[in-house]
Amino acid sequence: MNKLLLVFTLHLMTVFSVTAQQLQKKTNAYNGILLTRLTEVKTKQGNERDTCKILYLQNSSKDSLLVYKIAEGIISEATAYSLTGNGKGLNLNAKSVLNNSETADGWQITFSDAEHLMRVNQDHYVLYPKFYASVKQEINTKHSIIGLFDLLEDYLEDYSIRDIYPVLLSENRARWSKTIQKAKITTQRSQSDLKDTWDAKYVYNSLDKLKSIKAASAEETHFSKKMSYVNSGTIKMDIYRNTEDRQIISRQVIYSPLKINQLKITDQVEETGQNKETILITTINKKKIGKVKSLYLSPVEVKQLVKQFK
């Protein structure tokens, strides 16, 4: 009898194991988006043009994301993002698939229910109580990477995820709802060891859509972003970024996700003290490529996929 019971138990365990694997395979569908990015660089010395393609692959649970950058038919970067939890909070990891190494310092994300606060490393984001629970559910419980990046897209702190922003901007209009009240953010200057601490204020319109973000540091560097909802299908952002000693960036972003899958970004970069100005005009076209078999594709498979949807 004991032997029969043992055999029956092992059989059930096998059935459950196979079923679980099948369910995991079924739920872990993978989808892709392909961006074609054309950048024109205009200076007094002349003009240059650069084209690259960015392939985003994401699993259905949204806790894993892989970003391939392709230039002149060659994969220049392949970064795998994963969001995992432990007893101390969440960790966002970015790893290069090409050389199997970490691409940047990982993030640590924690939540404080009493303060409706989300911490990303040393940065603090105070959320409106009404949205805090849903944000925590999306990020802390479901481990949604895109949900995390959505919340942080204010272009004050880049968090080494600059290539993620274009796909977000053309994907989700609801991201500018009344979510963040205020933030305290620390940034590292690129040309020195100095750091700036910013107190960012978020302002919303009568429809609870983001109207503007303003921030200033003790060193009198400034950041601002103004949102304009031109009509039901077009959004414009005007961004002023003076976060370096000698560099001022004025950026305008226009896109109409409901009409065309295109995003246009114009940057005017001034190098103070050098009387140097650079204009960058970036046009990004997006195509949804649907289901793919895996996040991790071989170079040949990536090239075939890009060629198929060019």
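This is a predicted model: local features need pLDDT of at least 70, side-chain atom pairs count only at pLDDT 80 or more; totals for chains, interfaces and linings use all residues.

Biologist: Is Glu-72 buried or exposed, then?

Modeller: Its relative accessibility is 80%, so Glu-72 counts as exposed. You'll find Glu-72 in the loop between strand E3 (64–71) and strand E4 (74–86). Look at its backbone too: phi of Glu-72 is near 55°, a positive value in a residue other than glycine.

Biologist: Which loop holds Asp-208, and what is its phi?

Modeller: Asp-208 sits in the loop between strand E11 (195–204) and strand E12 (210–216). Its phi is positive, about 65°, although Asp-208 is not a glycine. Asp-208 has 38% relative accessibility, so it counts as partly exposed.

Biologist: Now strands. How do I read the side chains along one?

Modeller: In a regular strand, side chains alternate between the two faces of the sheet. Take strand E16 (residues 262–271) here: Leu-263, Ile-265, Asp-267, Val-269 and Glu-271 point to one face and are buried.

Biologist: How many bridges join E15 to E16, and how many join E16 to E17?

Modeller: Strand E15 (residues 247–255) and E16 run antiparallel, joined by nine bridges. E16 also runs antiparallel to strand E17 (residues 276–292), with 10 bridges between them. To get your bearings, find Ile-254, which stands opposite Lys-264 in E16. Then find Leu-263, which stands opposite Ile-284 in E17.

Biologist: Let's stay with E17. What is Glu-277 in contact with, apart from its neighbours within four places in sequence?

Modeller: Glu-277 lies in strand E17, and the residues it touches are Lys-42, Thr-43, Gln-268, Val-269 and Glu-270. Its side chain makes a polar contact with the side chain of Gln-268, at 3.1 Å. As for Lys-42, that residue is 235 residues from Glu-277 along the chain, yet their C-alpha atoms are separated by 8.7 Å.

Biologist: Why does Glu-277 count as partly exposed?

Modeller: Because its relative accessible area is 38%, and partly exposed covers values between the buried cut-off of 20% and the exposed one of 50%.

Notes. Residues are numbered from 1 along each chain as its sequence is written. Side-chain values use heavy atoms; hydrogens and water are left out. Buried means under 20% relative accessible area, exposed over 50%, partly exposed in between (1.4 Å probe, protein chains only). Helices (H or I, at least four residues) and strands (E, at least two) are DSSP runs, numbered from the N terminus. Two strands pair if DSSP finds at least two bridges between them. Contact means heavy atoms within 4.5 Å. A polar contact is a pair of N or O atoms within 3.5 Å; within protein, one must be able to donate a hydrogen and the other to accept it, and residues adjacent in sequence count only if both atoms are side-chain atoms.
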